[in-house]
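This report describes selected local features of one protein model. The sequence and structure are shown first.

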Amino acid sequence: MFPQWRAIPLVDGVPVLLRDDVPQTIWMAKASLQAARNAAAGRGDDDWFLETLGVSDEERELARRLKTEPSQVVDAVVAVLVAATNGNLYRGLIGRLNDVPVPDLRLAAGGGRPFLDIG
């Protein structure tokens, strides 16, 4: 049987597709659900959702500093998560990105069809 439909919190128009009717196995999921509920209700005070990131306290503080620097050209959260999302070879680039490392995908032309990147 499928779970009962529930209201899905939206954050800046993006649905947070985490279930709140099952026990969470990782603290970030619980933190993300709570932050999304707070934001949807207009109670969010962390508009960058830094407390939901699976990074060290030092990296979280680095993101806070970077987001206030006018010379920062890459999103502060992206600059901190680069190693967490791309692998340890990017560890030396944490907080020092000049652009986003986007891989060259060798795919056939899509003909205007949607492309979904999961992961």
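## Basis

The structure is a predicted model.

Thr52 sits in the loop that joins α1 (27-40) to α2 (57-66). With a relative accessible area of 13%, Thr52 is buried, because that value lies under the 20% cut-off for burial. The side chain of Thr52 approaches the backbone oxygen of Phe49 at 2.7 Å.

Beyond its neighbours within four places in sequence, Thr52 makes contact with Trp27, Met28, Ala31, Ser32 and Ala35.

The buried residues in α2 are Glu59, Arg60, Leu62, Ala63 and Leu66. Viewed down the helix axis, these buried residues fall within an arc of 155°, so they line one face of α2. Among the elements covering the buried residues of α2 are α1 and α3 (76-86).

On the face of α2 turned away from the buried side are the exposed residues Asp57 and Glu58.

## Positive phi angles

Asp12 and Phe49 are considered here in turn for their backbone angles. Asp12, a residue other than glycine, has a positive phi near 50°. Asp12 belongs to the loop between β1 (10-11) and β2 (14-15), and Asp12 is exposed, with a relative accessible area of 76%.

For Phe49, also a residue other than glycine, phi is positive and near 55°. Phe49 is located in the loop between α1 and α2. Its relative accessible area is 22%, and Phe49 is therefore partly exposed.

Notes
Residues are numbered from 1 along each chain as its sequence is written. This is a predicted model: local features need pLDDT of at least 70, side-chain atom pairs count only at pLDDT 80 or more; totals for chains, interfaces and linings use all residues. Side-chain values use heavy atoms; hydrogens and water are left out. Helices (H or I, at least four residues) and strands (E, at least two) are DSSP runs, numbered from the N terminus. Buried means under 20% relative accessible area, exposed over 50%, partly exposed in between (1.4 Å probe, protein chains only). A polar contact is a pair of N or O atoms within 3.5 Å; within protein, one must be able to donate a hydrogen and the other to accept it, and residues adjacent in sequence count only if both atoms are side-chain atoms. Contact means heavy atoms within 4.5 Å. The arc is that of the directions from the helix axis to the C-beta atoms.
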